[in-house]
Amino acid sequence: MKQFRRVRDLTALTLHATDGELGRVVQLYFDDRSWAVRYLVVQTGGWLLGRQVLIAPVAVEDIDDGKAVMRLALTKRQVEQAPPADKNQPPTRRYEEAYYRHFSWVPYWQPGPGIGGTKVTYPATPPMALDVPLSPDRPDQHLRGGEDIAGFGIHARDGEIGHVEDLVFDDEDWIVRYVEVDTRNWLPGKKVLVQTGRIERIDWERGRVSMALSRQAIESAPAYDPSELITPEYEIELFKHYGKEAA
């Protein structure tokens, strides 16, 4: 069953391969055009001398919240033999091509029957058209770390209102659906969710997210409690609330 999760909550989960513990998620990379989660960045345990590896979401078998465990449909050996990841930057296209060849998966940027012949290509969105030629040895400019956007200022149509506290994604399609906004810069303590579809622009250089909403619309949105599950009823309430702004 689909569940919404905050990026920071992933760090509380222990990763398990089919034959034992792997390590922990330290962050993720997402595409800032489609909001699709592309990779989990995993800090492995002693069996791999503590290096960082990338795990594509398609490899996630299930998440057991009771045991705080994320299970992968991969063995330790499969992960160990994957191309080593650069700790300091997102992967290059050359790296990604080698990565997908290693696991015999259809890359997310290519149409195909499925990954490994058993699962659909993730996410359920068409391949992204490149707006600029992609150098094989430079990271895709649209591949961003989840921690990179944390703390960015939120700018409504009529001024600033708070900052990005976290991102919220669904663990079925692995799409970032909401931005968690902390309005304490302007209103004491209140947190709200805003759909990523309401974002007009992200200025990565200046650290700001521009919303197609007024400050009043964000201020008066239903409060968000990170300790509570996001229910269908809450989502409906959000869509109705922000729908009034566009009406």
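This is a predicted model: local features need pLDDT of at least 70, side-chain atom pairs count only at pLDDT 80 or more; totals for chains, interfaces and linings use all residues.

Student: How many bridges join S13 to S14, and do they run parallel or antiparallel?

Tutor: S13, residues 199–203, and S14 run antiparallel and are joined by four bridges. They form a hairpin with four residues between the strands.

Student: Which residue in that hairpin takes a positive phi?

Tutor: Gly207, with a phi near 70°.

Student: What about S14 and S9, parallel or antiparallel?

Tutor: Parallel, over three bridges; S14 covers residues 208–211. Gly153 has Arg208 as its bridge partner in S14, and Ile154 stands opposite Val209.

Student: And which way does S9 run against S10?

Tutor: Antiparallel, again with three bridges, and S10 covers residues 159–170. The two strands form a hairpin with two residues between them. In S10, Gly153 has His163 as its bridge partner. So Gly153 has a bridge partner in S10 and another in S14, where two strands count as paired if DSSP finds at least two bridges between them.

Student: Are the faces of S9 covered or open?

Tutor: Both are covered. Gly153 and His155 are buried on one side of S9, residues 153–156, and Ile154 and Ala156 are buried on the other.

Student: Back to S10. Is Asp166 buried or exposed?

Tutor: Asp166, which lies in S10, has a relative accessible area of 7%, so it counts as buried; the cut-off is under 20%.

Student: What does the side chain of Asp166 make a polar contact with?

Tutor: With the side chain of Arg8, at 3.1 Å. Leaving out residues up to four places away in sequence, Asp166 touches Arg6, Val7, Arg8, Val179 and Glu180.

Student: Changing topic: which residues have the most contacts inside the largest nonpolar core?

Tutor: Leu40 and Met70, in a core of 72 residues.

Student: What is Met70 in contact with?

Tutor: Setting aside neighbours within four places in sequence, the contacts of Met70 include Leu10, Leu13, Leu40, Ile63 and Trp174.

Student: Last one. What is the mean pLDDT of the protein?

Tutor: The mean is 84, and 84% of the residues reach 70 or more. Over residues 113–134, though, the pLDDT is below 50. That stretch still has 47 contacts in the model beyond near neighbours in sequence.

Definitions and conventions: Residues are numbered from 1 along each chain as its sequence is written. Side-chain values use heavy atoms; hydrogens and water are left out. A nonpolar core is a set of buried Ala, Val, Leu, Ile, Met, Phe, Trp, Tyr and Cys residues joined through side-chain atoms within 4.5 Å. Buried means under 20% relative accessible area, exposed over 50%, partly exposed in between (1.4 Å probe, protein chains only). Contact means heavy atoms within 4.5 Å. pLDDT is the predictor's confidence in each residue, from 0 to 100. A polar contact is a pair of N or O atoms within 3.5 Å; within protein, one must be able to donate a hydrogen and the other to accept it, and residues adjacent in sequence count only if both atoms are side-chain atoms.
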